[in-house]
Amino acid sequence: MASPMHRARTSAAVALRGVEAAVLVAASALGRRRAFASLATGTDIVSAAPGVSLQKARSWDEGVSSKFSATPLKDIFEGRKVVIFGLPGAYTGVCSQQHVPSYKNNIEKFKTKGIDSVICVAVNDPYALNGWAEKLQAKEAIDFYGDFDGSFHKSLELDVDLSGALLGRRSHRWSAYIVDGKVQFLNVEKKPSDFEVSSAEVILGQI
């Protein structure tokens with residue numbers, strides 16, 4: 001027969017496991033609730049990604065001449081009306097064939113609504129983005145920015161592991177309308193391969 005001390009220790013161990021299980025369940029639930037929580041309606045995008053800068057798409061020679069400068073988020077968003085869309089990466093299928101063209105083809109409608117700039121951002125270096133933008137003939141309509149180390153998307157909880165497609169950590173497919181740094185509308189696809197809520201047509205209807 002187990003001693004009183006042994007029974008007490010067993011009871012304590014069972015209780016501890018119960019507490020640990022409860023903590024794990026709560027953490028899991030919190031994780032689900034926090035999906036995309038860093039970027040939501042009313043969020044100040046500059047504060048949500050403190051210290052983060054983006055790299056304007058450019059050639060290598062332009063990068064050298066600018067001493068590889070980066071652009072702080074406040075210079076991109078504060079005091080301006082901006083439509084921004086993020087996508088998994090340059091030269092990929094849906095991004096090239098549908099996502100960027102939807103914004104390029106509607107740029108005049110955005111201007112009519114008083115939008116100061118339409119921005120495409122991806123976890124790419126600015127040189128790859130530059131070549132891609134030129135291939136799509138979209139540089140005149142859209143400002144392309146690289147999030148070369150993924151820090152922008154990670155800060156906003158919009159990063160995703162696409163190692164299965166040999167892409168590594170990348171961006172979800174999303175779009176947002178931002179006024180003076182504050183998020184007015186946010187649209188995030190269920191899967192990076194989807195193209196249903198992040199199109200230009202959808203966000204034009206929200207502005």
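**Sheet, helices and salt bridges in a predicted model**

Strands β8 (residues 174-179) and β9 run antiparallel and are joined by six bridges. Residues are numbered from 1 along each chain as its sequence is written, and side-chain values use heavy atoms, with hydrogens and water left out.

**Sheet**
- Seven strands make an open sheet with mixed pairing, in the order β2-β1-β5-β4-β3-β8-β9.
- The edges are β2 (71-72) and β9 (182-188), each pairing on one side only. Two strands pair if DSSP finds at least two bridges between them.
- Ser175 stands opposite Asn187 of β9.

**Helices on the sheet**
- Helix α5 (residues 93-104) packs on the sheet and touches β3 (81-87), β4 (117-122), β5 (143-146) and β8. Contact means heavy atoms within 4.5 Å.
- The direction of α5 makes about 175° with that of β3. Axes are lines fitted to C-alpha atoms, for helices over the stretch in contact, and angles run from 0 to 180 degrees between N-to-C directions.
- Helix α7 (residues 126-135) also packs on the sheet, touching β1 (53-56), β3, β4 and β5. Its direction makes about 150° with that of β5.

**Salt bridges**
- The structure holds four salt bridges (a side-chain nitrogen of Lys or Arg within 4 Å of a carboxyl oxygen of Asp or Glu).
- One of them joins Lys182 to Asp44, with the closest N and O atoms 3.5 Å apart. Lys182 lies in β9 and Asp44 in the loop between α1 (4-33) and α2 (45-48), so the pair ties together parts 138 residues apart in sequence.
- Lys182 is partly exposed at 34% relative accessibility, and Asp44 is partly exposed at 22%. Buried means under 20% relative accessible area, exposed over 50%, and partly exposed in between (1.4 Å probe, protein chains only).
- Glu108 and Lys111 meet in a salt bridge at 3.6 Å, N to O. Both lie in helix α6 (residues 107-112), three residues apart, about one turn of the helix.
- Glu108 is exposed at 51%. Lys111 is exposed at 51%.
- Asp194 bridges to Lys191, the closest N and O atoms being 3.3 Å apart. Asp194 is buried at 14%, whereas Lys191 is partly exposed at 45%.

Key
This is a predicted model: local features need pLDDT of at least 70, side-chain atom pairs count only at pLDDT 80 or more; totals for chains, interfaces and linings use all residues. Helices (H or I, at least four residues) and strands (E, at least two) are DSSP runs, numbered from the N terminus.
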